[in-house]
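Dear colleague,

Please find below the structure that I am handing over to you. I would be grateful if you could look through it before reading the notes that come after.

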Amino acid sequence: MAFPSIRSDGYPMTAPVRGGGVRLDPPGPGPVGLGRFGEFGGRFVPETIVAALEQLEREFRDAWHSDAFRAEFSSLLQHYAGRPTPITECRNLSERLGIRVLLKREDLTHTGSHKINNVLGQALLTKRMGKQKVIAETGAGQHGVATATAAALFGLECKVFMGATDVERQALNVWRMRLLGAEVVPVTSGSATLKDAINDAMRDWVASVEDTHYCIGSVVGPHPYPWIVREFQRVVGDEAREQARAVLGDDPDFVVACVGGGSNAMGTFAGFVETRSRLIGVEAAGFGLESGKHGASVSRGVPGVLHGARSLYLQDEDGQILEAHSISAGLDYPGVGPEHAALAGAGRAEYASATDAEALDGFRLLSVTEGIVPALEPAHAIGWLAREAGGTIPEGSTVVLTLSGRGDKDAQQVSELLDLGDGA
Amino acid sequence: MTIEARFRAARAAGRSLLVPYLTGGLGEWRATIEEVAAAGADAIEIGIPFSDPIMDGPVIQESSQRALRSGATPQGIVAELAGVDVDVPIVVMTYYNPVHHMGHRRFADSLAAAGVGGSIVPDLPVDESDPWIEAAEAAGIENILLAAPTTTEARLATICARSRGWIYGIALLGVTGERSTVAEAGLEMGRRLKAATDKPVLLGLGISDGAQAATVAAVADGVIVGSAVVRRQLEGCSPSEIGAFVATLRDGLDTA
């Protein structure tokens, strides 16, 4: 790819870093005005945290165009997180489904999911702002573990808010966070899942904002978070695009990723949004879209404002937010990042869904065909692929699917649901 | 007469202003409004319960959940306010999503039809508030903006210029809830706001009793008391018992 030397917004173009780190593409376009992606986004927050958001926006804007910051970030991505992650051609699965499937292997990063990319960037920003404490929310525990990891590395105090329901179903990750020195705060308000963990993290931040950075784990929340998290995750899509071109000699026909808040999907889509590839986000259909027990905010949500952003949310006729449901804690969220809402509205990305049962099918299918155990979140994307191969996805199509995390954290939960026979 | 005009007149007469907060839709909330008005409130703030109240501590979270479980809805509460007959202004506190969901104009018109005088939307900061303020003002609703200890001087000026009714100074860093002492940050907030504007300045958050109200009133024109009142609603206090508590706040302010 050829890069111009000066961007249209006047910032000098950062040269890709070679040797000392992971190659980073130039920064992508930012939101417009006060954090708008089309009609979505914004900064709908209590006045108390506005100053901190303005500071974060300034720091990020400067840092993301600073050669020194980018060099440090790319070096961490390589030497600490283990990037670039490979892309794996799945010959057995491809043969089974009649399509050609490449997996972007975020499961192979340090801590086992894409969440590490974002937290390393935000930890660098935290240091840059002179703050010594971080707080985070977590659903499946992947973002909590990643934040606790970065906090240990950078010597930051760390507190993670986690729904009490999720503390129970993700016990292993709770233990890992505590091992890493983080305090885990079980959240019992509301539905005691990811939505409520974000509520309590925000309530904490309203009190602690002067010395604490809120490390949000997805492309949700008030401006500038959806932009920052997408930019720190775009390495997934930028790497995958170049790797896919090397393997396929072309861009893939389909780019597929699971969507809760949507950070792995947004990072992936950012690398392909300028290509011809069809972008597919797979949401959690839970017990089925008609059951009302799901997490399909794009498919079934309506515009609203929650957690600081205008986006699509599951809500009742009075504007009260509904509880989501998914077998996977990471997709158990009644909203979606504002840039996804904008991509859906513009028709640039399409949003499908897979049920709990289809996710379990995907979990098993990838394990037995490729020897790769996926996390339950990307298992939804695998399940959708298996369902739609030969349908929505014509035979012979090429597909890049982001495997956002590994399935170790889910082994215990799934072992209670999947009967493997012969007493296994 | 606007809320701002009433408050300016009361201030000129040497009165410290008192605005108690009640959660709408909870128990005998309408009878409580009448008792609270009679006990010396200058305006009454009615909270419209929301599923995800990120600015609120445990007491108002619990009261909101309880009201929602008992079937309270934003439209139902506003409609019931129409039947409340008190001679002090009613102001609603609502998170932004119910307003957004109903539509700015419909929501503003429904408040006006119910005789509500003002609105407080804690997750709608001044730079996002134009569409709501426009609809509210068209319907004669005074939208009260919040200022925080972290607010910069430049924003403070904008907030004071755009706020109607009064300026709501946040008296601590944190969410709503009773505190054992008044934070120095709250007193500083009052002093900064009084230096920035001649509109009425009321401080809220963390004020639990008459003595604390008096401490705060020394640096501002009045106080808002929420969780200390709502806790009594949750504990099942009768409307007259809650009125008696509000009378102790009034005494604290009057004897200061």
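Predicted model: local features only at pLDDT ≥ 70, side-chain atom pairs only at ≥ 80, totals over all residues.

The average pLDDT of chain A is 93, and 95% of its residues score at least 70. Residues 1-18 of chain A, however, have a pLDDT below 50; in the model this stretch makes 21 contacts beyond near neighbours in sequence.

Turning to chain B as a whole, it contains twelve helices and nine strands. Its C-alpha trace spans about 40 × 40 × 35 Å along the principal axes. The radius of gyration of chain B is 16 Å, which agrees with a compact globule, because a globule of 256 residues would have a value near 18 Å. Of these 256 residues, 60% count as buried. As to how the chain meets itself, 72% of the contacts in chain B between residues at least 6 apart in sequence join residues at least 24 apart.

The two chains touch each other: 32 residues of chain B are in contact with 28 residues of chain A. On the side of chain B that touches chain A, at least two residues each come from α3 (58-69), α4 (74-81), α5 (96-102) and β6 (146-147) of chain B. The most is given by α5(B), with six residues. By type, the residues on this side of chain B comprise 17 nonpolar, eleven polar and four charged.

Strand β8(B) has a parallel partner in β7 (residues 167-170) of chain B, to which four bridges join it. Within this pairing, G169(B) has L203(B) as its bridge partner. The path from β7(B) to β8(B) passes through helix α9 (residues 184-196) of chain B, and this β-α-β crossover is right-handed.

Strand β9 (residues 222-225) of chain B also runs parallel to β8(B), and three bridges join the two. Here V223(B) in β9(B) stands opposite L203(B). A right-handed β-α-β unit is made by β8(B), helix α10 (residues 210-217) of chain B and β9(B).

With kind regards

Terms used: Residues numbered from 1 in each chain as written. Chains lettered and ligands numbered in written order. pLDDT = per-residue confidence, 0-100. Contact = placed C-beta atoms within 7 Å. Rg over C-alpha atoms; globule rule 2.2 N^0.38 Å. Buried ≥ 20, exposed ≤ 12 C-beta atoms within 10 Å, placed from the backbone. Nonpolar A, V, L, I, M, F, W, Y, C, P; charged D, E, K, R; others polar. Pairing = 2+ DSSP bridges. Right-handed = clockwise from strand over helix to strand, strands pointing away.
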